[in-house]
Amino acid sequence: MPTRAQNRFVFVALAFLLAAAPSFAQESHIGRWTGHAEAGKQLYFRYCWGCHGPRGDGNGENAPYLNILPRNFVAATFKCRSTPTGTLPTDEDLFESIKRGLVNSNMPSWIELTDQQRADLVAYIKTLSPRWQSEKAGTPIQVPSEPKVNLDGLRRGKEVFTKLECWKCHGQEGRGDGPAAASLTDSNNQPIHPYDFESGSRFKCGTTNNDLYKIFMTGLDGTPMPSFADVIKPDEAWDLVHFLRTLQVTHKSPELTLWQSTKEGAETVKAARTSGTPTGSGN
Ligand code: HEC
Ligand code: HEC
């Protein structure tokens, strides 16, 4: 017969194990919000599991009908990160993706939830993959402050776009129709289309120039869109950001206005407008 002291030890040990069990202990920290996995689980089984699946592996009952499959939270490979390619995103990154939604996919924006609810969901998502137990989030990349836009910068940005062969997938005019575009597949073996700058204004991973900088310096993991952090220097990266804005001919920006003030720019923008079919699908 175990003694009372032994019983007590077993009880304390069990209580400790339960408390430490990952699915209960997981938290997220976003600004002043602390997210709790138990609360997040309730929300997940109300709003998310139909697509992302009861186990979070992306196999929800709606998944077969979607062109881009819902994220597999067990594999934990994420597109929108402030952290280097191959690493886990920060809590903020996930929080922002949930709030923003992912354009050109069926992932809705969850703007109507509260910040606390989104933080709770982040905490729960992190219980779904063993990766969060063995790895920490990556260290966010440094984004140097943005230089002023000028014509020389736009021209240099265009050279970077050519030299690094962004056009192979995105096309010379950025319409998502480069020579490699038709044959691209993602990590689920589904066809995936390069971003069409001509008709889009927002990106999956944000809307600002800062977001754009991070997109090609961290890559969209799980897709053919690579990280260019090893080959683009920070000042070149800003030139490229500014040049990419000139490809968004249906989206007003200081870069586009400046570009259109040149003969070369005015001609390319006009040609794009008359030949393109801005359907608004990317907005
Ligand atoms: C109608 C289906 C649908 C529902 C409902 C849905 N999602 Fe998604 N979600 C998707 C799809 C599809 C993707 C993948 C989009 C892509 O890869 O471009 C995705 C991707 C994500 C991502 C990955 C972002 C990244 O950076 O890779 C997160 C996080 C996410 N969803 C969270 C949620 C949460 C939390 C909920 C519930 C509040 C939810 N989703 C509900 C379809 C859905
Ligand atoms: C091998 C093909 C390939 C190359 C090369 C490539 N991309 Fe992409 N890019 C893609 C694909 C595919 C997507 C769409 C991924 C998705 O929707 O999940 C994409 C998406 C993007 C997006 C939108 C991301 C978002 O959040 O919506 C930007 C911006 C972008 N690429 C910029 C660039 C730049 C700049 C270069 C060159 C430095 C480049 N890409 C080179 C394939 C490529």
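## Basis

Local features in this predicted model need pLDDT of at least 70, side-chain atom pairs count only at pLDDT 80 or more, and totals for chains, interfaces and linings use all residues. Residues are numbered from 1 along each chain as its sequence is written, while chains are lettered from A and ligands numbered from 1 in the order in which they are written.

Helices are DSSP runs of H or I with at least four residues, strands are runs of E with at least two, and both are numbered from the N terminus.

## Ligand shells

Ligand 1 is surrounded by 25 residues, of which C48, C51, C80, S105 and M107 are the closest. Two or more residues of this shell come from each of α4 (49-52), α5 (91-100) and α6 (115-125). A residue is near a molecule if its C-beta atom, placed from the backbone, lies within 6 Å of it. The shell around ligand 1 divides into 16 nonpolar, 6 polar and 3 charged residues. Here Ala, Val, Leu, Ile, Met, Phe, Trp, Tyr, Cys and Pro count as nonpolar, Asp, Glu, Lys and Arg as charged, and the others, Gly among them, as polar.

Around ligand 2 there are 26 residues, and C166, C169, F203, K204 and M225 come nearest. Helices α9 (167-170), α10 and α11 each supply at least two residues of the shell. By class, the shell around ligand 2 holds 19 nonpolar, 3 polar and 4 charged residues.

## Helix α10

Helix α10 spans residues 209-218 and is mostly covered, with 7 of its 10 residues buried. A residue is buried if 20 or more other C-beta atoms lie within 10 Å of its own, exposed if 12 or fewer, and partly exposed in between, with C-beta atoms placed from the backbone. The buried residues of α10 are L212, Y213, K214, I215, F216, M217 and T218, and they pack against α11 (234-247). Just after α10, G219 has a positive phi of about 80°.

## Nonpolar cores

A nonpolar core is a set of buried Ala, Val, Leu, Ile, Met, Phe, Trp, Tyr and Cys residues joined through C-beta atoms within 7 Å. The largest core has 24 residues, and L212, Y213, A237, L240, V241 and L244 touch the most other members. Helices α8, α10, α11 and α12 (254-260) each give two or more residues to this core. Its largest share, 7 residues, comes from α11.

Apart from this core lies another, of 16 residues, including I30, C51, L94 and A119.

Leaving aside neighbours within four places in sequence, L244 is in contact with F197 and L212. Contact requires C-beta atoms, placed from the backbone, within 7 Å.

## Single residues

A76 is found in the loop between α4 and α5, and is partly exposed because 19 other C-beta atoms lie within 10 Å. E165 is placed in the loop between α8 (151-163) and α9. With 12 other C-beta atoms within 10 Å, E165 is exposed.

R273 belongs to helix α13 (residues 263-275). It is exposed, because 12 other C-beta atoms lie within 10 Å. R273 and V249 stand 24 residues apart in sequence, and their C-alpha atoms are 7.1 Å apart in space.

Technical notes: Contact = placed C-beta atoms within 7 Å.
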